[in-house]
Amino acid sequence: MVKVFLIVVGLVGAAVAYGGWRMVDAGFGAIGEPGRIERLVATTVRNLAVGRQARSLTNPVELTGEALADARAHFADHCASCHANDGSGDTELGRGMWPPAPDMRLPATQDLTDGQLFWIIEHGVRFTGMPGWTTGTPEGETASWQLVHFIRRLPSLTVAEIEEMEALNPRSIAEVQQRLVEEAFLAGEDPPVFDTGATHQH
């Protein structure tokens, strides 16, 4: 029995050592698809990060069309740059993180309790790209609970809802300037001239 135990311990030790060597050999960059062990570690960190008491919290915000609309606009403006409007995480920022932004339509997110989702939104998760968004105010908590409702909605978002969110996504300066040029052209006006700052002296 002792001999079998020592063999098992030796095999496990060898596997851990090999996995560690592979990770060190490959480096710890954020680019690339995480392996099974890395995903397990990331999921474990997330689960350990959530306070135990938070898991049993219930959503005090009533699920209404207005609450969902507010959350949809909030998500489009604050969250979609990493998580995408549809919650897939398929954005340049989301793909470039380690671990990558999760597909929140899948069970790994949808199976979390409302309290866990709320806690993650408010407090973030260490060692990931997820920051904490708490404002320390009742209004901020209400917004986070509304987002929980919206996250539950992600697997069944409609095309119309996604299109509405696209209009609310943050725009780069270049995109805003291009839109203003197009609007001026359609109105038959001279295009606006933008100060690029190239002539400023420092």
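At 23% relative accessibility, D86 falls between the limits of 20% and 50% and therefore counts as partly exposed in this predicted model. The partner of D86 is R105, with which D86 forms a salt bridge whose closest N and O atoms are 3.6 Å apart. D86 is located in the loop between α4 and α5, and R105 in the loop between α5 (92-96) and α6 (107-110), so the pair ties together parts that are 19 residues apart in sequence. R105 is partly exposed as well, its relative accessible area being 32%.

A search of the whole structure finds seven salt bridges. Side chains of opposite charge can pair when their charged atoms come close. A second example is the bridge between the side chains of R152 and D114, with an N to O distance of 2.8 Å. Here R152 belongs to helix α8 and D114 to helix α7 (residues 114-123), so the bridge ties together parts that are 38 residues apart in sequence. R152 has a relative accessible area of 28% and is partly exposed; D114, at 23% relative accessibility, also counts as partly exposed. Elsewhere, salt bridges that share partners join R72, R153, E161 and E164 into one network.

Because E161 lies in helix α9 and R72 in helix α3, the pair ties together parts that are 89 residues apart in sequence. Both E161 and R72 are buried. For R72 the relative accessibility is 11%, which is under 20%, so R72 counts as buried. With neighbours within four places in sequence left aside, R72 is in contact with F150, E161, E164 and M165.

Helix α3, which holds R72, covers residues 65-78. At 1.5 Å a residue, the 14 residues of α3 should span 20 Å, and the end C-alpha atoms of α3 are 20 Å apart, which agrees. The buried residues of α3 are A67, L68, A71, R72, F75 and A76. These residues cover an arc of only 160° around the axis, which puts them on the same side of α3. Their packing partners are α4 (80-83), α8 and α9 (159-166).

Helix α8 comprises residues 138-153 and contains S144. The relative accessible area of S144 is 4%, so S144 is buried. Not counting residues up to four places away in sequence, S144 touches F118, I121 and E122.

F118 is also among the residues touched by L57, together with D114, G115 and W145, again not counting residues up to four places away in sequence. L57 is found in the loop between α2 (36-49) and α3. The C-alpha atoms of L57 and D114 are separated by 6.8 Å, although the two residues are 57 residues apart along the chain. With a relative accessible area of 39%, L57 is partly exposed.

V181 provides a further case of contact between separated positions in the sequence. This residue lies in helix α10 (residues 173-186). V181 and P191 are ten residues apart in sequence, while the distance between their C-alpha atoms is 5.3 Å. Leaving aside neighbours within four places in sequence, V181 is in contact with P191, P192 and F194. The relative accessibility of V181 is 29%, so V181 counts as partly exposed.

The confidence of the prediction was also examined. The average pLDDT of the protein is 83, and 73% of the residues score at least 70.

Key:
Residues numbered from 1 in each chain as written. Predicted model: local features only at pLDDT ≥ 70, side-chain atom pairs only at ≥ 80, totals over all residues. Heavy atoms only, no water. Helix = DSSP H or I, 4+ residues; strand = E, 2+ residues; numbered from the N terminus. Buried < 20%, exposed > 50% of the residue type's maximum accessible area, 1.4 Å probe, protein only. Contact = heavy atoms within 4.5 Å. pLDDT = per-residue confidence, 0-100. Expected span 1.5 Å × (residues − 1). Arc of directions from axis to C-beta. Salt bridge = Lys/Arg side-chain N within 4 Å of Asp/Glu carboxyl O.
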